[in-house]
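Trainee: I've got a model open on my screen and I'd like to learn how to read it. Can you walk me through some features?

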Amino acid sequence: MLDKNFDPTAFESRLYDTWEREGAFAADPARHARPFTIMIPPPNVTGRLHVGHALTMTLQDVLIRFHRMNGRDALWQPGTDHAGIATQLMVERELQTEGTTRKAIGRSAFLERVWQWKEEQGGAITRQLRRLGASPDWSRERFTMDEGLSRAVRTMFVRLFNDGLIYRAKRLVNWDPAFGSAISDLEVEMREVKGNLWHLRYPIEGSDEVIIVATTRPETMLGDTAVAVHPTDERYTALLGRTVIQPITGRRFPIVADAYSDPEKGTGAVKITPAHDFNDFAVGQRHNLAMPSIFDRAARITLAEVRDGANPHDPEFFNSLEGLDRFAARLEIVAHLDAIGALDKVEPHTHTVPQAERGDTIIEPLLTEQWFCNAEVLAKPAIAAVEDGRIEFVPKQWENTYFAWMRNIQPWCISRQLWWGHRIPAWYGPDGMIFVAESEAEAQRDAEEHFGHAVELHQDEDVLDTWFSSALWPFSTLGWPENTPELAKYYPGDVLVTGFDIIFFWVARMVMMGLYVMGEVPFRTVMMNGLVRDERGQKMSKTKGNVVDPITLIEDYGADALRYTVSAQSGAGRSIKLGPTMVAANRSFITKIWNAARFCEMNACRPDPGFQPEAARLALSRWILDAANRAVIDATAALEAYRVADYALICYRFTWGDFCDWFLELAKPGLAGDDADAAERRAVAAHVLGILLRLLHPMIPFVTEALWDELGYGPAGSLIRAPWPERDVVSEASAARDEVSWVIAAISEIRAVRSEMNVPAATRIPILIRDASAETLARAGRWREEIARLARVSSLEALQGDMPQGAAQAILGEATLILPLADIIDLAAERKRLAATRAKTASDAEKIARKLENQEFVSKAPEDIIAENRDRLDAAQAELARLDAALSRIA
């Protein structure tokens with residue numbers, strides 16, 4: 001017997017252990033079944049389950065369980081990413097607490113510590129995914145630093161290098177001075193700050209004239225190699241080709257014409273520092289300018305590259321800058337410029353500065369020797385794959401984001417100055433000759449062939465960008481570069497479920513690498529999910545204190561309640577709202593299913609393998625069987641189209657509405673007894689409950705599996721393998737649908753009038769039917785008992801004579817339901833109350849509408865406040881419609 005109260009902690013861990021122990025999640029490449037493949041976006045090995053994971057992992061699990069039940073050989077490939085920067089930071093912080101550093105213990109010992117940390121603490125995220133109910137094939141779990149995946153990385157690097165698509169070059173990169181490494185453009189956040197705009201006076205050689213340049217970074221002036229003005233700016237036409245003198249270094253350089261300079265900004269003249277600004281770097285390339293670096297890798301001033309050609313008017317000050325931090329140097333330089341009359345003015349100025357996504361360090365553009373991948377060449381076939389429909393984005397508008405980045409893609413800096421990661425498979429000879437190979441032995445053989453004798457080689461110190469190995473995930477996890485059975489069967493995958501924030505980081509790079517090495521796209525559909533926000537629609541952040549822990553939600557309300565909430569909220573890539581209040585409310589849906597199943601159990605509604613739906617005689621039986629058919633058809637179509645939110649709504653309406661609120665309530669008195677009608681009702685209830693459990697299982701697997709087991713639908717843990725429900729044959733379905741739909745509409749209309757008119761709940765009222773057809777009157781007669789019980793009706797008769805005074809009415813098809821209420825409530829008082837409520841609601845709605853029409857309010861108000869006002873307006877308009885309907889009912 002089912003417990004009276006629903007308690008998810010009583011069965012969640014037990015059921016999950018059963019599934020995993022019995023291999024319920026396993027794919028089988030030898031099985032002759034059509035594959036369905038999802039590659040998990042590998043969470044960082046350092047990670048903990050967050051709300052974004054809860055969303056994307058639930059959506060993937062819904063799809064994988066659905067296709068598994070449909071007989072597909074479903075592979076959900078799990079694994080974790082080594083997360084180069086994040087993991088190295090974690091271990092370095094541990095070393096700091098011990099009073100040492102990675103450099104102090106050396107590379108080999110440091111890497112041993114990282115592996116040790118990974119083994120001891122790196123499994124938290126996978127344990128938490130189990131708590132969520134995720135069902136990937138854990139026997140195939142991979143890690144991006146596994147030997148197999150490491151071999152794939154080396155093989156890919158060598159192939160790209162041999163094809164001329166990987167090269168070494170000195171280019172400007174985003175440099176993290178605190179971490180001492182290049183980082184990706186995508187790992188840089190542009191943040192708005194309040195700063196200054198310094199106007200500096202640069203003397204023009206051979207005259208008393210000066211040209212004034214404006215800059216937010218006066219410290220970089222030490223590396224200036226030109227001043228640029230717009231070619232059409234008449235203020236400076238006569239100065240083009242003239243030479244300016246840098247006020248501190250005394251270095252001389254030209255005034256050049258370049259469209260990069262905006263005549264409308266600042267003074268229209270900009271200083272060009274090619275080694276420390278990406279736009280300036282492009283100007284420097286166009287004009288063949290020198291590119292001296294004036295910062296070292298810790299963002300301290302270094303004068304080595306600007307001493308040549310320098311003629312400082314104050315050598316002592318010039319030399320004093322050596323070794324200063326960039327921001328300390330800024331203060332010294334500004335004070336010195338002011339002292340020598342080279343500072344024209346200072347203006348407050350709000351602008352953006354690049355900051356590292358991790359650590360908040362201000363990023364320094366730095367000219368360094370790095371390894372690059374020619375992303376432009378790789379992007380062309382990847383663009384074509386989306387253009388010709390081999391890859392489809394859901395929702396489709398995300399294709400535009402993909403195209404915008406891919407069509408303007410820059411060389412991909414793939415080297416990182418870290419120790420944790422895939423070390424670049426390149427070795428250097430004594431003359432600097434580079435030997436790229438999959439192993440040191442191969443590099444040594446190549447070197448001996450080149451030099452004619454054995455030489456000492458040293459491997460490149462850098463590691464590869466984490467996203468390089470992640471880009472190979474769809475095929476490296478399946479055994480590439482070997483031609484494995486898994487690779488043959490499960491590549492390409494069917495769908496990738498991920499957030500829009502990693503379209504560039506990961507999605508695009510997987511497409512590029514997959515097409516390059518496999519000749520085929522890595523997946524056919526990219527299903528984009530939105531950001532998870534708090535219950536007010538605000539972005540979650542630690543500073544706001546509104547971050548929601550999904551594990552806490554699971555402990556408080558159960559995994560199914562959380563899974564249902566994110567599924568129902570997930571529609572079409574939009575942002576979703578999530579918080580304890582919502583999950584608590586949705587737990588009531590899980591409890592409703594539990595209580596309905598317990599009610600069926602108490603009324604002996606047991607599964608009957610011999611039940612034949614097509615033999616059902618009763619209209620109510622045929623109606624619920626037909627409703628189940630429509631739910632199965634609609635749910636199947638929604639999941640096949642990756643519309644998980646629609647699937648959740650279909651399940652909710654069928655479960656709570658059709659099955660619980662109507663079928664069970666209408667059937668309740670007739671379940672007891674020994675006659676054929678009672679037996680049919682019990683058999684139908686058990687049959688439809690079995691459909692319902694299978695239909696809901698992908699979304700809420702724990703409660704459905706528990707009920708499936710307890711009620712005897714199959715052995716323990718077997719629902720996960722049960723077939724997806726199919727459409728039953730239902731005789732005279734249309735007639736049953738019309739019949740019961742009329743009954744439901746009649747009860748609903750009577751209930752609505754009672755509620756609107758404040759009729760006391762315990763009061764039974766008579767119902768008269770006017771203008772009804774013979775068929776309608778016959779229906780009313782057949783269902784008189786059910787209508788009376790569920791609508792609190794004392795009698796249900798055709799109207800004889802005139803319309804009674806003081807009545808409310810409701811339209812039902814061709815007929816009108818009349819509720820004589822004069823002796824029960826004061827209709828005049830009710831009409832007055834409704835009118836007053838309507839007037840206040842209309843006033844409130846008008847105020848909110850005016851606020852939302854105010855462009856100043858919309859432009860300045862926080863996003864969550866605007867969303868809250870829109871929700872309030874929608875609610876007010878819905879209430880107005882309800883009040884208008886109520887007023888129209890009073891005769």
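Predicted model: local features only at pLDDT ≥ 70, side-chain atom pairs only at ≥ 80, totals over all residues.

Trainee: Which strand pairs with S22, and is the pairing parallel or antiparallel?

Mentor: Look at strand S23, residues 523-529: S22 and S23 pair in the parallel sense over six bridges.

Trainee: What is the strand order in the open sheet of three strands?

Mentor: The order is S19-S18-S20, and the pairing is antiparallel. S18 and S20 pair over two bridges, and Trp 427 has Gln 459 in S20 as its bridge partner.

Trainee: Now aromatics. How many aromatic pairs are there?

Mentor: Ring pairs are judged by the distance between ring centres, with a cut-off of 6.5 Å. The count here comes to 33 aromatic pairs. Take Phe 110 and Trp 419: their ring centres are 5.9 Å apart and their planes are at 65 degrees, so the pair is edge-to-face. Phe 110 lies in helix H5 (residues 107-121), while Trp 419 is in the loop between strand S17 (415-416) and strand S18 (426-428), so this pair ties together parts 309 residues apart in sequence.

Trainee: Are Phe 110 and Trp 419 buried or exposed?

Mentor: Both Phe 110 and Trp 419 are buried. Elsewhere, ring pairs link Phe 157, Phe 161, Trp 371, Trp 412 and Phe 468 into a cluster.

Trainee: What about charges over rings?

Mentor: Check what lies over the ring's face. Arg 171 lies over the face of Phe 372, 5.6 Å from the ring centre, and Lys 851 lies over the face of Phe 857, also at 5.6 Å from the ring centre.

Trainee: Which side chain of opposite charge is nearest to Arg 622?

Mentor: That's Glu 732, 4.4 Å away. A salt bridge needs the charged atoms within 4 Å, and Arg 622, though buried, has no salt bridge. Arg 622 sits in helix H21 (residues 619-640). Beyond its neighbours within four places in sequence, the contacts of Arg 622 include Ala 616, Arg 617, Val 730 and Glu 732.

Terms used
Residues numbered from 1 in each chain as written. Heavy atoms only, no water. Phe/Tyr/Trp six-rings, centres within 6.5 Å; stacked < 30°, edge-to-face > 60°. Helix = DSSP H or I, 4+ residues; strand = E, 2+ residues; numbered from the N terminus. Buried < 20%, exposed > 50% of the residue type's maximum accessible area, 1.4 Å probe, protein only. Lys NZ or Arg CZ within 6 Å of the ring centre and 35° of its normal. Lys, Arg positive; Asp, Glu negative; His and termini not counted. Contact = heavy atoms within 4.5 Å. Pairing = 2+ DSSP bridges.
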